[in-house]
Amino acid sequence: TANAGSVTPVTGTITIDVTHLAFLASGDVSSIPLDAGDTTSLKVEATDENRNIDEDYTGSHTLTFSGLASVGGNNPTVDATALGTPMSVSFTNGVASGMTLAVYAAETADLVAEDQANPGYLHHALTCIVSPDVASNIAAVSGDGQSSAINTDLPQPLVVRVTDTYGNRIYGRTVDFTVSS
């Protein structure tokens with residue numbers, strides 16, 4: 001406090017209480033573009049609403065990660081544990097790092113987690129923008145087995161589904177058809 005030219009120091013303690021879990025990928029980013037099948041490093045911070053880290057949040061905490069979809073039997077994982085499965089995560093001074101996130105479904109979605117002991121925590125989510133991997137499968141949908149006279153259109157259009165290794169549909173690719181007799 002200040003009074004007539006003198007200053008009196010004020011001392012005290014600032015306490016940070018966890019209200020949020022913040023999720024960050026490689027480079028401490030909160031949004032990351034990935035391809036299906038990619039992995040990225042994952043870090044979780046125990047913070048207040050302003051992202052101040054609670055350094056007293058330490059030890060093992062059981063988290064259940066969620067928010068990302070499965071595709072073609074491929075489940076997203078954190079350290080090889082499928083999302084939706086509780087797992088033990090070790091925090092030091094409010095931070096858990098060194099985990100690996102694997103994604104498979106082409107989507108834009110937010111990765112979050114719930115602390116089983118404190119289910120009321122809010123989230124600073126990690127937004128994952130996942131694109132399909134390279135085209136690897138093609139399947140006839142309709143129009144196969146047709147015939148028509150030379151130089152005339154087929155009665156039905158030829159329709160195929162192109163997918164990547166994980167089963168994500170790939171749109172806008174050129175597909176060449178060959179006529180056989």
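# Exercises on strands, rings and a pocket

Strand S3 is mostly covered, six of its six residues being buried (under 20% relative accessible area with a 1.4 Å probe and protein chains only; exposed means over 50%, and partly exposed lies in between). Strands, here and below, are DSSP runs of E with at least two residues, numbered from the N terminus. The model is predicted: local features need pLDDT of at least 70 and side-chain atom pairs count only at pLDDT 80 or more, whereas totals for chains, interfaces and linings use all residues. Residues are numbered from 1 along each chain as its sequence is written, and side-chain values use heavy atoms, with hydrogens and water left out.

## Exercise 1: Strand S3

Determine which residues of S3 are buried on each of its faces, and identify the strands that pair with S3 in the antiparallel and in the parallel sense.

**Solution.** 

1. On one side of S3, the buried residues are His20, Ala22 and Leu24; on the other they are Leu21, Phe23 and Ala25.
2. Two strands pair if DSSP finds at least two bridges between them. Six bridges connect S3 with strand S5 (residues 39-47) in the antiparallel sense, and Ala22 has Glu45 as its bridge partner in S5.
3. Three bridges connect S3 with strand S12 (residues 122-124) in the parallel sense. Here His20 is placed opposite Leu122 of S12.

## Exercise 2: Aromatic pairs

Classify the ring pair of Phe23 and Phe65 and that of Tyr104 and Tyr166, and locate each residue in the chain.

**Solution.** 

1. A pair of aromatic rings is described by the distance of the centres and the angle of the planes. The criterion is that rings of Phe, Tyr and Trp (its six-membered ring) pair if their centres lie within 6.5 Å; planes under 30 degrees apart count as stacked, over 60 as edge-to-face and the rest as tilted.
2. The structure contains four aromatic pairs. For Phe23 and Phe65, the ring centres are 6.2 Å apart and the planes stand at 70 degrees, so this pair is edge-to-face.
3. Phe23 belongs to strand S3 (residues 20-25) and Phe65 to strand S6; the pair thus links distant parts of the chain, 42 residues apart. Both Phe23 and Phe65 are buried.
4. Tyr104 and Tyr166 form a tilted pair, with 5.2 Å from centre to centre and 55 degrees between the planes. Because Tyr104 lies in the loop between strand S10 (95-102) and S11, and Tyr166 in the segment after S15, the pair ties together parts that are 62 residues apart in sequence.
5. Tyr104 counts as buried at 18% relative accessibility, and Tyr166 is buried with a relative accessible area of 18%.
6. Ring pairs also link Tyr57, Phe91 and Tyr121 into a cluster.

## Exercise 3: The largest pocket

State the volume of the largest pocket and describe its lining by residue class.

**Solution.** 

1. On a 1 Å grid over the protein atoms alone, a pocket is an open set of points where a 1.4 Å probe fits, with protein on both sides within 12 Å along at least five of seven lines; lining residues have an atom within 4 Å of a point.
2. The volume, meaning the space filled by probe spheres set on the points, is about 510 Å³. Of the 19 lining residues, the closest to the centre are Gln146, Leu154, Leu158, Thr178 and Val179.
3. Strands S14 (135-142) and S15 (159-164) each supply at least two lining residues; S14 gives the most, with four.
4. The lining has nine nonpolar, nine polar and one charged residues (Ala, Val, Leu, Ile, Met, Phe, Trp, Tyr, Cys and Pro count as nonpolar, Asp, Glu, Lys and Arg as charged, and the others, Gly among them, as polar).
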